[in-house]
Amino acid sequence: WYVQEGKQWYQRRVRGKDATIPLTEEGAGKWFGETKESLGLDFPNLPYLIDGDVKLTESLAIMRYLGRKFDMMPDDLAKGDMMELVIQSQRMDLGKISYNPDFENLKEGFITKFKVFLKRFTAFIVKPFIFGSKVTYVDILAYEYLDHIRALTPESFTPEVSEYMQRVADLPNIAEWLKSDECTNKTYTINSPKAPGWPGVPKKD
């Protein structure tokens, strides 16, 4: 995403928050000066989706829309809503400690709480995916956010959860993306590079 320091705009490349605008004052100026207000978005932001007459911002709203469009909604919508927010809360908890200068002292408490979540998550999953044989947008969300946490504490992941994540990673389109040179997992930090606690710098192969 973009932040302003003085008169200069900077693009912070963070997993899940990428934009295609070049890291230049001209590119950022184009988005903030022209493009942002010319697309007809109700609440201009990055990322955005334009699909015919549909114009959306906010990542989760976009994921839900695509879930409905491509039949990737859970059959039990109430449980789907619940799991979406449960997964999101784990990622938010990671963010809270990652941006805290006292990260090292907070990390163990986070990991202890996360292990409790993983036990409940394992019991909730109806194999092969969260809601059974049907892949839903919640699986995609869960894979990405759990992968963020796995980078911090891989030893916390049980074989059952690791196998679930591998099943998602092996889905043809996901596997193709993960192996591509465009995969942001290989180059972007999980949090801001300037996060005082844990930026989440990707490991080199």
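Modeller: Pro128 is partly exposed, with a relative accessible area of 28%. Partly exposed is the middle class: buried means under 20% relative accessible area and exposed means over 50% (1.4 Å probe, protein chains only). Pro128 has its place in the loop between α4 and α5. The helices (H or I, at least four residues) and strands (E, at least two) are DSSP runs, numbered from the N terminus.

Two remarks on the source come before the rest. This is a predicted model, in which local features need pLDDT of at least 70 and side-chain atom pairs count only at pLDDT 80 or more, while totals for chains, interfaces and linings use all residues. Residues are numbered from 1 along each chain as its sequence is written, and side-chain values use heavy atoms, with hydrogens and water left out.

Contact means heavy atoms within 4.5 Å. Leaving aside neighbours within four places in sequence, Pro128 is in contact with Ser133, Tyr164 and Arg167. The C-alpha atoms of Pro128 and Val168 are 9.1 Å apart, although 40 residues separate the two along the chain.

Thr136 is in the loop between α4 (103-124) and α5 (137-152) as well. Thr136 is buried, because its relative accessible area is 1%. With neighbours within four places left out, its contacts are Met72, Met73, Pro74 and Phe131.

A salt bridge is a side-chain nitrogen of Lys or Arg within 4 Å of a carboxyl oxygen of Asp or Glu. By this rule there are eight salt bridges. In one of them the side chains of Asp71 and Lys134 meet, with 3.2 Å from N to O. Asp71 lies in the loop between α2 (59-69) and α3, and Lys134 in the loop between α4 and α5, so the pair ties together parts that are 63 residues apart in sequence. Lys134 also forms a salt bridge with Asp75, where the closest N and O atoms are 3.5 Å apart. This pair links distant parts of the chain as well, since Asp75 is in the loop between α2 and α3, 59 residues from Lys134. Together, Asp71, Asp75 and Lys134 are linked in a network of salt bridges. Asp71 is exposed at 55% relative accessible area, and Asp75 counts as exposed at 70%. Lys134 is partly exposed at 22%.

Glu104 and Lys107 form it, with the closest N and O atoms 3.5 Å apart. Both residues lie in helix α4, three residues apart, about one turn of the helix. An α-helix has 3.6 residues a turn, so residues three or four places apart point the same way.

Not counting residues up to four places away in sequence, Tyr164 touches Phe121, Ile125, Pro128, Phe129, Ile130, Asp139 and Ala142. A nonpolar core is a set of buried Ala, Val, Leu, Ile, Met, Phe, Trp, Tyr and Cys residues joined through side-chain atoms within 4.5 Å. The largest one has 33 residues, and Phe121, Leu146 and Tyr164 have the most contacts inside it. At least two residues of this core come from each of α3 (77-98), α4, α5 and α6 (159-169). The largest share, eight residues, is supplied by α5.

In α6 the buried residues are Val161, Tyr164, Met165, Val168 and Ala169. They are on the same side of α6, because they cover an arc of only 140 degrees around the axis, the arc being that of the directions from the helix axis to the C-beta atoms. Their cover includes α4, α5 and α7 (172-179).

The whole chain gives the setting. It has seven helices and four strands, in the pattern β-β-α-β-β-α-α-α-α-α-α along the sequence. Of its 205 residues, 40% count as buried. Among contacts between residues at least 6 apart in sequence, 53% join residues at least 24 apart.
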